[in-house]
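The text starts from the core and then takes up the elements around it.

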Amino acid sequence: MSGWQGVINGILNLLYPSSPLCSLCAHPVRYVTQGMGGMEDTVPLCTVCKEQFAFILDNICQLCGRPWVANTVCGDCARRTEQHIHYSRSAVRYNEAMKGLLAQYKYRGDRKLAEVMVSLLLRAWRLHYAGMKVDCLTYIPLHEARLLERTFNQAQEMACLLAHEVGVPLHGLLEKKKATEKQSQRDRTGRLNALRNVFHFSPEEGIVLSNCPVIVLIDDVYTTTDSVSKTILRNTAVLRHLIA
Ligand SMILES: [Zn+2]
Ligand SMILES: [Zn+2]
């Protein structure tokens with residue numbers, strides 16, 4: 001941050017002491033509505049920190065939601081012979097800022113960053129899911145051993161907070177039977193191979209999936225979702241994804 005930005009933020013802090021503070025640098029946050037169709041953007045980051053993230057807006061693949069020519073299907077989706085993803089949307093690109101944020105939250109356990117993660121999801125929800133009938137949210141599970149080591153499942157925490165914000169029920173539907181290495185250390189093919197057959201369909205007791213035809217699967221990164229999609233889709237009708 002430049003010296004001037006620090007001075008300006010200091011003055012704003014004095015003028016508006018009740019302003020929320022940026023979750024990354026603790027400077028005051030001024031919410032803006034730009035690019036949100038008039039809706040308030042509640043990502044708890046100051047302008048300087050927010051600029052580090054590359055928000056994904058309209059120019060996206062109709063299916064997977066990755067940046068692409070608007071209203072068309074990207075090369076990857078067009079080539080796929082089996083289509084498990086019906087509609088997937090991500091909030092931001094996986095750039096250095098997002099990598100850093102995710103590492104601090106997920107691997108170093110900085111739980112206060114859950115607020116930032118869910119605000120990113122909420123932003124994407126408002127842009128892409130508003131008005132859509134969604135019956136329940138679910139999340140990518142962690143293997144038991146990994147959960148013990150990390151103490152929390154970031155996807156579950158994000159899904160839980162989002163469910164509360166949007167008023168949609170959250171159900172655990174999957175179990176991870178096999179521990180896998182850190183996905184961030186593999187390339188795309190490695191990640192997909194490592195995830196083959198590791199997820200099992202294991203809905204919470206009492207969940208009747210015929211009452212939940214439209215499910216949104218919450219995750220932190222895009223690449224892990226295809227094998228999970230297959231597992232859920234064997235058992236349900238429609239699946240959509242929302243990724244931070
Ligand atoms: Zn900041
Ligand atoms: Zn696509």
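In this predicted model, the largest nonpolar core has 36 residues, and those that touch the most other members are Leu-121, Met-158, Ala-159, Leu-162 and Ile-218. At least two residues of this core come from each of helix H4 (96-107), helix H5 (114-128), strand E2 (136-139), helix H7 (154-166) and strand E5 (214-219). H5 gives the largest share, 8 residues. In soluble globular proteins, nonpolar side chains tend to be buried together.

Take helix H4 next. H4 is made of 12 residues and covers 15 Å from its first C-alpha to its last, close to the 16 Å expected at 1.5 Å a residue. Which residues of H4 are buried? They are Met-98, Leu-101, Tyr-105 and Lys-106. When H4 is viewed down its axis, these buried residues fall within an arc of 110°, so they line one face of the helix. An α-helix has 3.6 residues a turn, so residues three or four places apart point the same way. Glu-96, Lys-99, Gly-100, Ala-103 and Tyr-107, on the other side of H4, are exposed. The buried residues of H4 pack against H5 and H7. After H4 comes Gly-109, which has a positive phi, near 65°.

H7 has 13 residues, and from its first C-alpha to its last it reaches 18 Å, close to the 18 Å expected at 1.5 Å a residue. Its buried residues are Gln-154, Ala-155, Met-158, Ala-159, Leu-162 and Ala-163. Seen down the axis of H7, they fall within an arc of 160°, so they line one face of this helix. Met-158, Ala-159 and Leu-162 are also among the core residues that touch the most other members. What lies over the buried residues of H7? The cover includes the helices H4 and H5 as well as the strands E2 and E5. H7 is followed by Gly-167, whose phi is positive too, near 70°.

The strands remain. E5 is mostly covered, with 5 of its 6 residues buried. E2 and E5 pair in the parallel sense, over 4 bridges. Within this pairing, Ile-218 in E5 is the bridge partner of Tyr-139. Ile-218 is also one of the residues that touch the most other members of the core.

Methods. Residues numbered from 1 in each chain as written. Chains lettered and ligands numbered in written order. Predicted model: local features only at pLDDT ≥ 70, side-chain atom pairs only at ≥ 80, totals over all residues. Core = buried A, V, L, I, M, F, W, Y, C linked by C-beta atoms within 7 Å. Buried ≥ 20, exposed ≤ 12 C-beta atoms within 10 Å, placed from the backbone. Expected span 1.5 Å × (residues − 1). Arc of directions from axis to C-beta. Contact = placed C-beta atoms within 7 Å. Pairing = 2+ DSSP bridges.
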